[in-house]
Amino acid sequence: MISLAVCSAKGGVGKTSVVLGLASAALQRGTSTLVVDLDPQADATSGLDVSAQRPHDVAAVLRDPRRRVAEEAVAPSGWVSDHPGLLDVLTGSAESAGLDGPDADAEALKSLRRALRKVDDHDLALLDTPPSLNGLTRSAWRAADAVLVVSDASRFSVAAVDRTLREVRALRPAPRVVGVLVNRFTQRSGEQRFRYEELRSLFGDLVLEPLPDRAAVPQSQGAGLPLHALRARTAKTLALQFDAVLDRVLEKD
Ligand SMILES: Nc1ncnc2c1ncn2[C@@H]1O[C@H](COP(=O)(O)OP(=O)(O)O)[C@@H](O)[C@H]1O
Ligand SMILES: [Mg+2]
C-alpha cells in the first residue's frame, strides 16, 4: 500500500477536494483506495457519501490502534456500491479534535502508522488532514510514504508552504514530497500569477501544474459524485489533471 498525506498549514485551500479528486482518479483506474479522514470536520467522509454507521471512527483508532478497532472504523464509500473494498473510508469525526494538540508525544504520533499496517488491504491510502501542522497532521506524516502540499496562490501561502516543507524534510525518515499543488488558481489574476511564479522560483519543479477554480469541484461534491463521473468539459479537464497527480503519487522513486 502506498500512503499519501495531503496537507497544508492553511485552511480552505482545497485539501479535501484534492483527496476526493485523487480518490475519483484511483476509482476510475480500479486502484483500491482507503481514504483516512483525520479532519475533525469529517468533510472527506461526507464527500465520499458514507452512510454506514460504524462502531468506531478515526479518533478511536488513534487512541487504540488495534486491528479490530481499525476494521470497525472503516466504511464503504457510497460512490461504489457494486465493488466492495474498492473505495473505503477510515471515518472521521469531531472526536479527533481532542487529539490535535501541538505537543503530541512520539508514541501517539505513531499510532496511525500502526493501525494502517493492520488494515493494509488497499493499494493506496489517501490521508486528509486538518488545516494545521499539529498532532493529526504529524500523525499523517508519520504514517505516509509521501506528502502532497496543497496551497492557494497568495502572499501568506508562500510562507506556509515553506514552513510545511521544512517540517516534512526534517522528519526521520522523511516521506517523499510529491509536490506543491496550487489550487483554485485564477489565471487572469495578476496577484495569483505573481505568487505562483514566486512559489516556482522557491520550490522549482516541486510546484505542479495549478488546478483552476472551477464550478465542477463544488458541483461534484454537492451531488455526492466522483469528479470523473461528471460530463461537463471542465470536469473532464480537471479529472485529467488529477490523473496526472495520481501518476506522480504512484510512480516509484
Ligand atoms: N479547484 C476548485 N474550484 C472551485 N472550488 C473549489 C476548488 N477546490 C476547492 N473548492 C471549494 O473550496 C472550498 C474549500 O475546499 P476544501 O477542499 O474543503 O478545503 P480544505 O479541505 O483545505 O479546507 C469547498 O467549498 C470546495 O468545494
Ligand atoms: Mg478539508
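Let's start at the ligand. A polar backbone atom of G12 lies 3.1 Å from an oxygen atom of ligand 1. That is a polar contact, meaning a pair of N or O atoms within 3.5 Å. This is a predicted model: local features need pLDDT of at least 70, side-chain atom pairs count only at pLDDT 80 or more, and totals for chains, interfaces and linings use all residues. Residues are numbered from 1 along each chain as its sequence is written, and side-chain values use heavy atoms, with hydrogens and water left out.

Back to the contacts. N183 places a polar side-chain atom 2.9 Å from a nitrogen atom of ligand 1. Q221 has a side-chain N or O atom 2.7 Å from an oxygen atom of ligand 1. How much of ligand 1 does the protein cover? It covers 82% of the 560 Å² of accessible area that ligand 1 has on its own. Those areas are Shrake-Rupley, with a 1.4 Å probe.

Now the shell. 14 residues surround ligand 1, each with a heavy atom within 4 Å of it. The closest are G14, K15, S17, N183 and Q221. By class, the shell has 4 nonpolar, 6 polar and 4 charged residues. Gly counts as polar here; Asp, Glu, Lys and Arg count as charged. Two helices, α1 (15–28) and α9 (216–223), each supply at least two shell residues. Helices are DSSP runs of H or I, at least four residues; strands are E, at least two.

Next, aromatics. The structure holds 1 aromatic pair. The partners are F185 and Y196, tilted, 5.4 Å centre to centre, with 50° between the planes. Pairing needs ring centres within 6.5 Å; planes under 30 degrees apart are stacked, over 60 edge-to-face, the rest tilted. F185 sits in the loop between β7 (176–182) and α8 (190–203), and Y196 is in helix α8, 11 residues apart.

Last, the backbone. Most residues other than glycine have a negative phi, and most peptide bonds are trans. The bond from R172 to P173 is cis, omega near -5°. P173 is in the loop between α7 (155–169) and β7. D49 has a positive phi, near 60°. D49 lies in the loop between α2 (43–47) and α3 (58–63).

Technical notes:
Chains lettered and ligands numbered in written order. Polar contact = N/O pair within 3.5 Å; in protein donor to acceptor, adjacent residues only side chain to side chain. Phe/Tyr/Trp six-rings, centres within 6.5 Å; stacked < 30°, edge-to-face > 60°.
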